[in-house]
Every structure is written in C-alpha cells, then in structure tokens.
Amino acid sequence: MLYKETFILLIVLCAILIFWLRDAKKVSINLQTDNGKGYNYFRFNYLIIYFLVMAGDWLQGPYIYAIYKSYGFELSEIAILFVTGFLSSGIFGTIIGSAADKFGRKKFCLLFTLLYSSACFIILSSNFYILLIGRILGGISTSLLFSVFEAWMVSEHFSRGFSSSSLSNTFSKATFGNGLVAIFSGLFANWLVERHGISSPFLAAIGFFIMAAMVIILTWKENYGSDSKNTNTFQNLLQALNVIKNDSRVLAIGAVQSLYEASMYIFVFLWAPLLESQHDVSNESNLPFGMIFASFMVAIMIGSLLYGHLSGPMNISLPDIANGTFFIASISLILPLFIENEFSLFIFFTIFEVTCGLYFPLIGTLRAKAISEDIRATVGNLFRVPLNLIVAFILISDIPILEQCLLCSFLLFMAFIWSFWLPMESSSSKKSAKTVAKVAKIKKTLEKQRSD
C-alpha cells in the first residue's frame, strides 16, 4: 500500500505549513505580547520539561501490550490491567488534582516523576498482582501528567504578567513538539528493544523522568491555587463541583473534553484491528504499524500548526474552531463503517489525528481562560472521571469493533453539540487579534513591494 508515500507527503505538507505560516505567526506573536525574552525563556523552560515527561510516556506506549504478552498473560488479563489504569486515573485523579491546588503544583509535578518511574520499574515484574499496583500508580501518574503541569504553567504565566494571548501559542508549540517527541520516542524505543530487549524502553523512560525532575527542582518555583492554602482538599473538591454545576462555560469545556478524549482513547485500541480487518491476507507483508504511527504523529503536528494560524492571524474564535474540529472528527470515524478499503480507512484515521492536533491547544486555551486559578488542577481532573469510566466500560465489554467506531463517532458528535456552549473571547481580545491580522497583512504587502 501507499503508507510510505503518504508519510512523506505528510512531512512535506507539514514543512510547507511551517514555512507558509511563519511570517504571519511571528508578527502575531510580537504584536499580541509585550513579553520579550522573559516570556521566551519561560516558554522554553516549560516546553523542555513537558517534552521530557512526554518522551518518558511515549517510550512505553508501543511496548506495554507486548511486554504483558511476553509474560504469558491472556488477552482478558491484559484487558484487566489496562482497565485498572483507567479506573485508577478516574478514582484517584480527583483527589490528586485537589491536593495539587492546595499543597503546590511543583510538588505534585515531582510526585508525578516519582510515581511514573515506580510504575515503569514495577512493569518489569511478571507477577500479575504486582503489575496491578503498577497500573494503579500509572493511572495516578496519567492524571497528574495531564493536569498539574498545565496548571503550573498557566498560573506562572499570569503571575509573571505575560499576555493571555500568548497562551494559545504555547499550547500550539507544545502539541507540535509532542508530535516530534512521539516520533523520536517510537524510533528510540524500537532501537532499544532490538539491542537491549523489551524491558529497555521502560528503563529509559525512568531516565527521562529523572532528568525532568532535576530541571523542575532547579528552575521552577512553587505555585498554588489562590485560595487553596486556606481550604482543605474536600472543600476544594466541593468548590470545583459547584463551579462545574453553576458555570455553563466550564460545564461545556468539561463535556467536550470528556467526550472527545474518551473517543480518542477508544480509537487508540481500535485503529489497528480495523486496519488489519481490511488488510489483504494474500499480501505476505504485515501492516507497517511504525510507519502508520509516525504518520499519525505528523498529522497531529499539522493540526497544531493549523490551530496556531486559525486562532492567531485568521482570528477565528475558539468555539468556531471547536465546531469544525469536532464535526470533522465525527465524520472521520463514522465513514469507516461504510468503506471497506484499507487505505481509505487509513486516510480517515489520519484526518482524525489532524483534529487531535487542533484539539489539544484548543482545550488547553479554553481551560486557561475559563477555569479559576484556585481550582484549575481539581477541575481538570474531575473532567477526566467520565472519560476514564467510558473507556474502562468499552474495554471490559464485548461490543464489536465496528460498533465501537460508531460509538466514538457518536461521542464526537455530542462534543460538536456541546461546543456551541463554549465561552467566547472578550471583545477586547478580538479587537486586538483583528489589529494583529491587519498589521501582518500590511507587513506582507510591504515585503512583497520591496522584493519587486
């Protein structure tokens, strides 16, 4: 099939977008922020740590199932291990997020590196019950990874007086860089396994977490929820629940996050079997899963570039970006039900991955704008409870794989409906963005006149 050619085409498209969008994006960032070198250093420092922890996470991904299988576990036992991780994230994540707001985000970022390193070490055991403990630690670590790092960054961003308009740029760069990190990690993990065995990526992941912890200790200062030191963890949790209940904007953000990410995690489990079901059995070659995974990561990078352009120079509102993202995502996962062609499935799955690149900076920016500082990590983890329960239910059920795909499309369509209740930007921010777009256009015209 044309997997290699498509991967090359995606790389070329990504390079074209980087070159095409760089001038407008540079002008947009310079005009929207008066942050200077202080902001550039802050963003670089955060992204370095973010990429280190994500590298540790990505290194394990391709080989978690493989290492469990190498221990001789049945598919049902492996499913229990995965479900344990999701349930752990859903159950403990709420408490962990509230505690991070109260006792300090930096401490809990360091706790993440300790817990995830422990989980990586435990996975080297072939004892089923010890592995269950490792999955519990891994589930808690996942909740921390996707809440406290962002909460620390957003809090520090505003406390240093940086412009709110530059948050979208930070989130976009984080998503773009995460795609590069994923590709690097996949290649590195494959190299490690070939030379040092299947356990080596997990040991390497510990090294990345230790490096991240060292940089955090040396360069980060502590921050808290604004009122969190005066309340206990239970009060923080009640306050977060009350905000979600009474603020329709926050509820809409939570709904789209839970619905989209639940479908995304289910997609992680179903894309390979769906492609295999359409693979020509007469073809002696196996599906190039590494190439397919790399293509998906480049697609995410493309999505992040598109988001940066749509939210910046083009001045499209976040709810409008969300509308298009969720609608396209829903269509991309319902069409496979009607198409019995391996490569067509791959194309639609790649389109879904582009929406992932749009989604992550979008949801990060929305959370930063709408959720109160004192309960940011708490609310972020509360949003993860329903998505973990949905994914756990799917994993332990006997729902046929095509119906799982239909369910993902339905969840994404529900996210599309909820996206109409997402918060709009303030008129002042819109005005500023319009000014940026006009100046960028004028600068481009002047540069063209000079070249002529």
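The protein chain has zero disulfides, a disulfide being a pair of cysteine sulfur atoms within 2.5 Å. This is a predicted model, in which local features need pLDDT of at least 70, side-chain atom pairs count only at pLDDT 80 or more, and totals for chains, interfaces and linings use all residues. Residues are numbered from 1 along each chain as its sequence is written, and side-chain values use heavy atoms, with hydrogens and water left out. The chain holds 17 helices and zero strands; helices (H or I, at least four residues) and strands (E, at least two) are DSSP runs, numbered from the N terminus.

- C408 is in no disulfide. Its nearest cysteine sulfur belongs to C405 and lies 6.2 Å away.
- C408 counts as buried because its relative accessibility is 0%. Here buried means under 20% relative accessible area, exposed over 50%, and partly exposed in between (1.4 Å probe, protein chains only).
- C120 is also at 0% relative accessibility, so C120 counts as buried.

**Overall build**

- Of the 452 residues in the protein chain, 55% are buried.
- The accessible surface of the chain comes to about 20,200 Å². Carbon and sulfur atoms own 67% of that surface.
- Accessible areas come from the Shrake-Rupley method with a 1.4 Å probe; for residues, only the protein chains shown count as cover.

**Salt bridges**

- The whole structure contains eight salt bridges. Each is a side-chain nitrogen of Lys or Arg within 4 Å of a carboxyl oxygen of Asp or Glu.
- E150 and R367 form one of them, at 2.5 Å from N to O. This pair links distant parts of the chain: E150 sits in helix α7 (residues 148-159), R367 in helix α14, 217 residues apart. Both E150 and R367 are buried.
- E156 pairs with K221, with 3.6 Å between the closest N and O atoms. This pair also links distant parts of the chain, 65 residues apart. E156 is in helix α7, while K221 is in the loop between α9 (200-219) and α10 (233-246).
- E156 has a relative accessible area of 1%, so E156 is buried. K221 counts as partly exposed because its relative accessibility is 48%.
- A network of salt bridges links E156, R160 and K221.
- R195 and E194 meet through their side chains at 3.5 Å, N to O, in another salt bridge. R195 is partly exposed, at 49% relative accessible area. E194 reaches 57% and therefore counts as exposed.

**Nonpolar surface patch**

- F327, I328, I331, I347, I351, F413, I417, F420 and W421 make a nonpolar surface patch of about 790 Å².
- Patches are made of residues with over 30% relative accessible area and no salt bridge: like charges are joined within 9 Å, nonpolar side chains (Val, Leu, Ile, Met, Phe, Trp, Tyr) within 5 Å.
- The elements giving two or more residues to this patch are α13 (318-334), α14 (342-370) and α16 (401-418). Helix α13 supplies the largest share, three residues.
- W421 lies in the loop between α16 and α17 (427-451).

**Individual residues**

- H279 is placed in the loop between α11 (248-278) and α12 (289-311). At 17% relative accessibility, H279 counts as buried.
- The H279 side chain makes a polar contact with the side chain of E342, at 2.9 Å. A polar contact is a pair of N or O atoms within 3.5 Å; within protein, one must be able to donate a hydrogen and the other to accept it, and residues adjacent in sequence count only if both atoms are side-chain atoms.
- F158 belongs to helix α7 and is partly exposed, at 36% relative accessibility. Leaving aside neighbours within four places in sequence, F158 is in contact with S164, L167 and A368.
- L306 belongs to helix α12 and is partly exposed, at 31% relative accessible area. Leaving aside neighbours within four places in sequence, L306 is in contact with L17, V354 and L358. The C-alpha atoms of L306 and L358 are separated by 7.0 Å, and the two residues are 52 residues apart along the chain.

Note on methods:
Contact means heavy atoms within 4.5 Å.
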